[in-house]
Amino acid sequence: MSDTVTIIDNRTGKQLNCPVLQGVMGPPVIDIKHLYKELGMFTYDPGYGSTSSCKSAITYLDGEQGVLMYRGYPIEQLAEQSTFLEVCYLLIYGELPSRLQMDEWETGIKMHTMTHEHLSRFYTGYRYDAHPMSIMGGVVNAIASYYHDATDIYDAGQRLMTAKRVIGKMPNIASKCYRYAIGLPFVYPDNSLSYIENFMNMTFSKPSEKYKPSPVAVRALDLLFILHADHEQNASTSTVRLAASAETNPFACIAAGIATLWGKAHGGANEAVIKMLEEIEHPRNIRKFLDRAKDKDDSFRLMGFGHRVYKNYDPRATIIRKACHELLGEMGLNQPMFEIAMELERIALEDGYFIERKLYPNVDFYSGLIYQALNIPSEMFTVMFALARSAGWVAQWMELMVDSDFRIGRPRQLYIGKEKRDYIPISQRS
Ligand code: ACO
């Protein structure tokens, strides 16, 4: 088999042999780096459906088969046996830690759970009803100012320190987004607690009562964080990488990722799913909503359904669906919304429209139900997602900074505007 692909410009007969790169897994990739120089042409691929924007050794996913792996480890095994903090180590270092390495890692993260006291004042600048994703993006960007001059992004030790800061501080930042909205005082981290317990304590404890998170809830959150930790070159991760390619402060890059994740076509879908299930209200109304989702004249889409890459079950949705069953069972909760979700899934998966287009439930379809069972308000769902995804973002940032092909990201365009024309003074315009 040839390891090049020849592009022939039929207008001029000029040819370019492009190398075909083969990754460890996944389809081969045509290297078109020299296309413009040799043939004077760009490629056009809106939404990057066929474009690899980078090389990466972090996450692999096969959308046809419904496979997801972090550093080669199947997500099902990590979900069953690992913890979020261990997964963070895996994403950053590429290998699972020994017991000693894990202890050092945990201690290292705990050294970075505090934020500068002045940072708390940023929260109070927001309106009482501000969306917590808006607050989170603003506060993470503000943190960039605390570490700006001191951060040498070309120093490996400082990059690792940045990773620890991001992973250590995110629970603190996220919890304050929640508490500000409901008028509870901020809680300092307690490093005697585990990562998840500490987050829950900062988020849910009240000064007037003793608080001990339920082990079931801790495990459910840990699981959700593992599933959300990374997902290859999605919109928010690509945003982080593009910002980082300009040698931007890493906290500012992550703030850019948070802004992108907020959108309802991306991480904001978990919040939108709950709103949709509330609107559906009863299983008897499901078909009406499905008809709307299929109607091209209606902008309504089934939230939590469909994915750019997965044309099969999103493996994370399968894990979350099972966890949702277990959690509701263990907590003794009877959630009518879960019944609506399962019935909606069943009917949609038998419907020709969804079958033809290979539209399956994605990670967001069931995650909101778990958050809801844990009494987390829906506006906080995407904040939880961002907290967990920060680990992936910072791992991707670190990888980019040592990439031999590192250069500023600069897509090209197909210009469809006016040709050159001369300026006419306003007095002469009709
Ligand atoms: N409901 C109804 N129809 C849908 C849906 C949906 N949720 N998703 C896709 N379709 C239809 C489209 O209308 C299109 O139909 P057509 O071929 O007749 O025109 C076809 O399926 C292909 O859809 P595209 O929009 O081209 O798919 P794309 O890959 O661009 O979009 C996306 C993927 C944004 C996730 C889309 O499926 C969607 O909007 N889903 C709902 C929002 C959601 O759940 N987002 C979370 C994704 S997971 C994450 O980011 C964490």
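The shell around the ligand has 10 nonpolar, five polar and six charged residues. Here Ala, Val, Leu, Ile, Met, Phe, Trp, Tyr, Cys and Pro count as nonpolar, Asp, Glu, Lys and Arg as charged, and the others, Gly among them, as polar. This is a predicted model: local features need pLDDT of at least 70, side-chain atom pairs count only at pLDDT 80 or more, and totals for chains, interfaces and linings use all residues. Residues are numbered from 1 along each chain as its sequence is written, and side-chain values use heavy atoms, without hydrogens and water.

**Ligand**
- Of the 21 residues around the ligand (a heavy atom within 4 Å), His266, Leu302, Gly304, Arg308 and Tyr353 come nearest.
- His266 has a polar side-chain atom 2.8 Å from a ligand oxygen atom.
- For Lys296, a side-chain N or O atom is 2.9 Å from an oxygen atom of the ligand.
- Asn362 also places a polar side-chain atom 2.9 Å from a ligand oxygen atom.

**Strands**
- Strands E1 (residues 4-8) and E2 (residues 15-21) pair in the antiparallel sense over five bridges; strands are DSSP runs of at least two residues, numbered from the N terminus, and pairing takes at least two DSSP bridges.
- Thr6 has Asn17 in E2 as its bridge partner.
- Six residues lie between E1 and E2 in their hairpin, and Gly13 in the turn has a positive phi of about 80°.
- E2 also runs antiparallel to strand E3 (residues 29-30), joined by two bridges.
- Leu21 stands opposite Val29 in E3.

**Gly94**
- Gly94 counts as buried because its relative accessibility is 15%, under the 20% limit (1.4 Å probe, protein chains only).
- The C-alpha atoms of Gly94 and Ile58 are 7.2 Å apart.

Conventions:
Buried < 20%, exposed > 50% of the residue type's maximum accessible area, 1.4 Å probe, protein only. Helix = DSSP H or I, 4+ residues; strand = E, 2+ residues; numbered from the N terminus. Polar contact = N/O pair within 3.5 Å; in protein donor to acceptor, adjacent residues only side chain to side chain.
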